[in-house]
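Please keep the sequence and the 3D view at hand while reading.

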Amino acid sequence: MQHKKKGVGKTSRRGFLGRALTAAGTAIAAPSLLNQATVAKDVIQSNPGEIKMKLTVNGEQQTLDLEPRVTLLDALRDRLGLVGSKKGCDHGQCGACTVLIDGQRVYSCLTLAVMQEDKAIVTIEGLAKGDTLHPMQAAFVDNDGFQCGYCTPGQICASVALLDEVKRGCASVVTPDLTRPPQLAELSEAEIKERLSGNLCRCSAYNGIVAAVQQVTGQKPPSPAATVMVKEPQEMLK
C-alpha cells in the first residue's frame, strides 16, 4: 500500500511569506536598477571629466565639452578644425602656435582652453576679412616672409601683436630711450628682430619677415633681391 508523502502539494505559511516578499522586492527594485543602468549609460556617453565651456573664437561663440586639462591649441585644432595654428614644439619654445587673446600674443600650447572663457580669441583664420587679407598677411606675401609656411601663422599673429604693442608705447630690451616710446615709422630692424625673437623659423626667412613688418609700419623695406658680392673684401685678401 502506497502512502502519500507528507506535505506534498501544500504551502507552508513561511514559504508563502518568503515568496510574497521576494516578488514585492523585485517589483520595488526593478525601476531603481533600470534608472541606475540608464545613468551609467549616460555617464559613459558624456565622457566623465569633461565640462561645458564657451569660447569666443574669431568673433563667433563656440560651446565645447572639454576636459579642464585640454590646451587651447588642441581645442582649436581638434575640436574646432582651426588648424592654422601649428603644433611645433608643444613646449612654448617655437611660437608656431601663437594666437591673439584680447589683442595680446599667447602661445596656445601653454594655455588651457578653460582659462579663456569670456575672452576674444583670434587665430590666423580670423585676421582676413573675407577674401581681403590682413595688411600683415599681404606684406608676408609681398616680401617672401615664408618658405615652408609651417611657422607663418604664428609669425603673422606675433607681428600683428607687435604693431599694437608699439602703438601702446611698450618698450623692448633694445629700446634705446625708455623715456621716449618707440614709433612705428622709425622702428629699427633690431627692434623688430628682438620683438619677434620668440618665434622661430627653421627655414630662416627672417629677412622677409622683418621686411614685411617694415612695410606695414610705413617704412620702405629693403629689396628682396640678394646683394651679389662682386669682389673680395680687402681684409680677406691680406
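The model is a predicted one, and in it E165 has its place in helix α4. Leaving aside residues up to four places away in sequence, the residues that E165 touches are R105, C170 and R195.

## Other salt bridges

Side chains of opposite charge can pair when their charged atoms come close. How many salt bridges does a search of the whole structure find? The search finds 9, and among them is the pair of D65 and K52, whose closest N and O atoms are 3.1 Å apart. Here D65 sits in strand β2, residues 60-66, and K52 in strand β1, residues 51-57, so that parts 13 residues apart in sequence are tied together by the pair. D65 is partly exposed, having a relative accessible area of 34%, and K52, with 58%, is exposed.

Another salt bridge joins the side chains of E189 and K193, with 3.0 Å from N to O. Both of these residues belong to helix α5, which covers residues 189-195, and they are 4 residues apart, about one turn of the helix. E189 is partly exposed, with a relative accessible area of 41%, and K193 also counts as partly exposed, at 42% relative accessibility. Elsewhere, salt bridges link D74, K87 and D90 in a network.

## Cysteines

How many disulfides does a search of the whole structure find? The search finds 0, and C89 is accordingly in no disulfide, the nearest cysteine sulfur being that of C94, 3.8 Å away.

In accessibility, C89 is partly exposed, with a relative accessible area of 21%. C157, by contrast, counts as buried, at 0% relative accessibility.

## Packing of helices α3 and α6

Two packed helices are described by the angle between their axes and the distance between the axes. For helix α3, residues 135-142, and helix α6, residues 206-216, the angle is about 135 degrees and the axes are 8 Å apart. That angle makes α3 oblique to α6, because angles over 145 degrees would be needed to count as roughly antiparallel, and those from 65 to 115 count as roughly perpendicular. The crossing in which α3 passes α6 is right-handed.

Which residues make the contact between the two helices? On the side of α3 they are P135, M136, A139, F140 and D142, and on the side of α6 they are I209, A212, V213, Q215 and V216.

Definitions and conventions:
Residues numbered from 1 in each chain as written. Predicted model: local features only at pLDDT ≥ 70, side-chain atom pairs only at ≥ 80, totals over all residues. Heavy atoms only, no water. Salt bridge = Lys/Arg side-chain N within 4 Å of Asp/Glu carboxyl O. Buried < 20%, exposed > 50% of the residue type's maximum accessible area, 1.4 Å probe, protein only. Disulfide = S-S within 2.5 Å. Contact = heavy atoms within 4.5 Å. Axes fitted to C-alpha atoms, helices over the stretch in contact; angles between N-to-C directions. Parallel < 35°, antiparallel > 145°, perpendicular 65-115°, else oblique. Left-handed = near helix turned anticlockwise from the far one by under 90°.
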